[in-house]
Structures are given as C-alpha cells and as structure tokens.
Amino acid sequence: MPCRVLRAMIRFENVTKVYDQKARPALDSVTLEIDRGEFAFLVGASGSGKSTFLRLVLKEDRATSGAVYVAGQNVARISSWRVPRLRRGIGVVFQDFRLLPQKNVFANVAFAMQVIGKSRSVIRDTVPEVLKTVGLEGKEHRMPHELSGGEQQRVAIARAVVNRPGILLADEPTGNLDPTTSMGIMGILDKINQNGTTVVMATHDDDIVNEMRKRVVELKNGVVIRDEAKALYTSMIPVVGQSRRLKDASGREEPDAGLPGDGREGGAQR
Amino acid sequence: MRLAFILSEIGSGLRRNLSMVVSVILVTFVSLTFVGAAGMLQMQINQMKGYWYDKVQVAIFLCSEGSTAAGCAGGPVTPEQQESLNGLLESPAVAQYINDFQYESKEEAYKHFKDQFSNSPIVDSVTPDQLPASFRINLKDPEKYQIISETFSSQPGVETVIDQRQLLERLFSVMNGASLVAVSIAGVMIVCAILLIATTIRLSAFSRRRETGIMRLVGASKTVIQLPFILEGVIAAVIGAALASGTLWAVAHFFLGEYMSRQYPDTAFISSGQTLILAPALLILGGSLAGISSLLTLRRYLRV
Ligand SMILES: Nc1ncnc2c1ncn2[C@@H]1O[C@H](COP(=O)(O)OP(=O)(O)O)[C@@H](O)[C@H]1O
Ligand SMILES: [Mg+2]
C-alpha cells in the first residue's frame, strides 16, 4: 500500500462532492488514481463533474466525504496557510485562458513567478525559455488582445508550467479553439508530459481524445463509468461497473508513460 | 522582488480606485480633524488651568461709586476700610491660607481691562471710575475659597467676593461640552470612514478579482494577495490623518497663535508645536482603523 501512495500523483478515495443538498452529488464516490508522469483525459458531458474533480485536486473546494491525495498528501490535512505551497506544485489552464489583459505576454508569465517571490534575474532567464517551449518566442511584448486564441492559450500554458509544477490540470483547454489550433495545444501538453509532468485534461473534444490515445476516464453524473488506457473517446467495450480501470482499447495491457521505474504491473487496478 | 511587486500592486490599486481613495482620504481627514479638535480643546483647558489657577483665584471687589451691595451702604471704600482689610489679610488667621495677595487700584484695573479688550470698542465707553478696586488673592489651596468668602463678604467696604476659579470652571465646562460634541461628531465620522474603507476595499478586490484569482492558482501566499489591498486602505487613511494633523497645526498657528492671542493677549493659548503631539496619535488611529476594517472585509470577500 505505501508504495502505491507514493506512485500515485493524484488519488481519490470514495470522494463525494455535494454542492447542493437537493441536487445529486457533483461527484459520487469516485475512486481513482493517476500516476506520476501519466497523461489522463477526463471526459464526459457537461455537468458530469470534470471541473469539480480538478477543483478538489487544487483544494479550491473540500470533498464532502472521502479523501483526496496529491503527491501522497491528504489535501484535507493541509492547513490553509500551506495551501499556496500545494498550488505551486500544480499548474492550471482553463478554456477562457484567464490572461491579464493589461499585461504583455512576458509580464503575464512573469506574474506567476513574481507572486511567489522569484528574483528578477531568475524570471528574466526562465520566462523566455518557457515561452520557447510553447512556441511563442519573439512574441514577448505582444498584448493578449494582439494574439490568436491558440496563442493566448499557449501563454496560459507557459504561465501554468513556468514554476515547474509536478501536475498540470487543464479544464477544456481547447474548448474555444478550432481543431487545428487544438492539435497544436495538444502537442505542447504532450511535450510537457514527456518532460515528466503529470497531465490531467478535462475535455469533451472527441477528435483530440481519439487522436492522442491516452488514458480516458469517463464521468457521467459524477460517477466514473469508464477508465481505459490508450482509449478512444467512446468506449470500444461495454461499460462495466465503476471506478475500474479496464483494459485498453486494443485489449493489451500497457505500462503508463511515466518516470523511470514507474511502470505498472497491469491495467486492472482494483 | 516581492516587496517591489507588492508596491506596484498598491500603486495600480490606488490609481484604479482613485475616486474612492480620495473619498477615504477626505472622510478620515474630517473625522480625525474632529478627534484632534477634541484633543486640542482638552489641551487648551489644561493650559488655561495651569495658567490661571496660579494667577487668580479669589478677588475681593471693593465698593465704588454707585455700588448697590449691602456692604456698600457707606459709599465708596475709605482708605481706613482698605487698610483694615489689608490688615485682616495679613493676620495669621487668614494668612495661613494665602500664598500672596495684591491690591489692584481702579487705574490698574482700567489698564488691565484696556489690555484685555484692546480691539473692542467697549474700551472707549469705560472709564477708570467704573471699574472697582480689588484685592487679588492667591490661595494655597483653591478649595478653601469658602473661608475667605465668609471672612470678607460682611466686612465694610467690600462689595463682593468672587471665586474666579468658578468663572473659569464655567468656561471650562463650556469647552468640555464643545470637545464632547467634537468627539461625538468624530465618532459618527469614524463609523463613516470605516464603512467607506470597507466598501472601497471590496470594490478594489472586485475590480482585481482576475489578478487575485490567478495569484491564488499559482500559489501566492495570503500575505502577497491581501497586503496590497490592506495597505491601499491604510495609505489612504494615513494621508487623511496627515491632512488632519496639518489642519490642526494650521488652526493653532494661524487662528490661535496669530488672531486669538492678539485678541486675548493675557490668555495662554496652546502653541502650534503642542498640536504636533496629536499627530502621531491621529496617524496611528487612522492607520489602524483602515487596517482593521480592510482585514475584516477581505476575510469575507477575498477567499484565499
Ligand atoms: N459552485 C457550484 N455550486 C453549485 N453547484 C455546482 C457548482 N459547481 C458545479 N456544480 C454542479 O455540479 C455538477 C458538476 O459540475 P462540473 O464539475 O462543473 O461539471 P463539468 O465540468 O463536467 O461540466 C453540475 O451539476 C453543476 O451544476
Ligand atoms: Mg467544467
């Protein structure tokens, strides 16, 4: 058991989240593990609980019951003054980019370093480097309104990863982008994942999911109805139970992309 | 780096919210001016007590032409009566209560009167004859007034015995009342200031929710997120307090120092330097009011 806790970057144990007593839970007894270095899609219709899942990882909200572990730490046990430290280890990207409109590209990315007290010289060195990884070299001085949607999302990704977080959460990052631009964004997220960052992306863009062939966790009304490695947007095999990691679409068991020595024994997890 | 960042955040907050910041400055300015005015009145009372209590305590007015008091049936005071009053003041029975005493003749009384009311037309209508001569007595213990009054009221040639301290007390109670009014107005204004600061901080937090949202997400500490807002309120309030201190100084310097002290040369007015004692108190009061009210507001409106 302890080694499993260490390997899992994000672990949900019977997590239920109720916003409104009269409505059904936004998440209903979700049990799920996402390993260090993994790339996972969270799919499902609007209102299925994808954003809620990501918010619980960030401790933006507290689970009604169950436990959420991030890097082996139960987030419910993190005192409020140490929550910022948790969040420094997690980058977040949204559908609406959330850039500061009166700051240029460089300043938007630098902002994430300034507020945690990074020195000017470190910022000067790091920001251009990160802008290069997202393909924005030479656009440091553009204002957000002078950028295309895809470019704005690249700035947001640069800001999310500039402090080298272990986890990148993306909530429908391609929701406002056309298919070609979306694929460009996916390329960047894949590259970030290759560098060892655990990526969890909520989406309902089936083309992207089918193209990437990564792990797919499907939520429906707050319940995990499918969990497949190397999967497609829609399941190839009948849905069985919940909270279960099934064999990948090809039927073979696949080790996850991850840190060295981080391989998994098999697809079936529980 | 973080300090520079916080300072630039404060700067942008103050610029974006300029009209609200100006109103916070004005409201704290007015409220703290009233607080300071109450303080100045108290200082003035203490000053006058120190000055007057030493100088005048009891005055024995002697009969003059036209005095109607019972003791003046025999007409104006005679030199013999005056001599015996002087003897009585020097007798051991009375002298034990007295520090010293002085005789003030009609002419001296007229001169003092003229000095005191030099700018007033009333001086022209008064002649030395109309002002009574008096003995001015400085008591060891001002509370022993009753003994002097009982001893001298019935003496021939004495028109009346007046405890000037009581006259002063009446003046002081008026001044005390005025400072109470000032404190009440200050209280209402301070409530206004607190509410206005809370509203300003709330608006400021709202107008910058995008920034604070991002700061939260990238793991900025509570201090880094909240400090610019708190300092925004504190800076505005401290500017208001500085204006209030300046105003009080100006009132002491120009109104009391130049105008009033010329009108009433023998009244000891507080100096402009003395009002500067109030300044640190006002600055601390203003700053902490703003700090506390913005802290409480942020707890509700700026989740971290
Ligand atoms: N802050 C909130 N207050 C109340 N209900 C909420 C809140 N956020 C989400 N919900 C509800 O929880 C459910 C799941 O929402 P969400 O996690 O945003 O789904 P998704 O991101 O998959 O569209 C929805 O029914 C939604 O109405
Ligand atoms: Mg959502």
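**Sheets and ligand site**

A: Since this is a predicted model, let me begin with one strand pair: β3 (residues 39-43) and β9 (residues 215-220) of chain A pair in the parallel sense, over 4 bridges.

Q: Which residue in β9(A) does L42(A) stand opposite?

A: L42(A) stands opposite V217(A) in that strand.

Q: And what order do the strands of that open sheet of 6 have?

A: The order is β6-β7-β8-β3-β9-β10 in chain A, and the pairing across this open sheet is mixed. The edges are formed by β6 (90-94) and β10 (223-228) of chain A, each of which pairs on one side only. On average, neighbouring strands of this sheet are turned by 15° against each other, with direction ignored.

Q: What holds paired strands together in general?

A: Strands of a sheet pair through backbone hydrogen bonds, and they can do so either parallel or antiparallel.

Q: OK, now the open sheet of 4 strands: which order, and is the pairing parallel or antiparallel?

A: In chain A that sheet has the order β2-β1-β4-β5, and its pairing is antiparallel. Its edge strands are β2 (27-35) and β5 (73-74) of chain A, each pairing on one side only.

Q: How many bridges join β1(A) to β2(A)?

A: There are 6 bridges between β1 (residues 8-17) of chain A and β2(A), and the two strands run antiparallel. V15(A), for instance, has V30(A) in β2(A) as its bridge partner.

Q: Which strands does helix α2 of chain A lie across?

A: Helix α2 (residues 50-57) of chain A lies across β1, β2 and β4 (65-70) of chain A, and the helix runs at about 120° to β1(A).

Q: Switching to the ligand: which residues surround ligand 1?

A: Ligand 1 is surrounded by Y19(A), R24(A), A26(A), A45(A), S46(A), G47(A), S48(A), G49(A), K50(A), S51(A) and T52(A). By class, that shell has 3 nonpolar, 6 polar and 2 charged residues.

Q: Where does the backbone come in, say at G47(A)?

A: A backbone N or O atom of G47(A) lies 2.6 Å from an oxygen atom of ligand 1, and for G49(A) a backbone N or O atom lies 3.0 Å from a ligand 1 oxygen. A polar backbone atom of K50(A) is also 2.9 Å from an oxygen atom of ligand 1.

Q: And how much of the accessible area of ligand 1 does the protein cover?

A: On its own, ligand 1 has 560 Å² of accessible area, and the protein covers 59% of that.

Definitions and conventions. Residues numbered from 1 in each chain as written. Chains lettered and ligands numbered in written order. Predicted model: local features only at pLDDT ≥ 70, side-chain atom pairs only at ≥ 80, totals over all residues. Heavy atoms only, no water. Pairing = 2+ DSSP bridges. Contact = heavy atoms within 4.5 Å. Axes fitted to C-alpha atoms, helices over the stretch in contact; angles between N-to-C directions. Near = heavy atom within 4 Å. Polar contact = N/O pair within 3.5 Å; in protein donor to acceptor, adjacent residues only side chain to side chain. Areas by Shrake-Rupley, 256 points an atom, 1.4 Å probe, with all protein chains shown as cover. Nonpolar A, V, L, I, M, F, W, Y, C, P; charged D, E, K, R; others polar.
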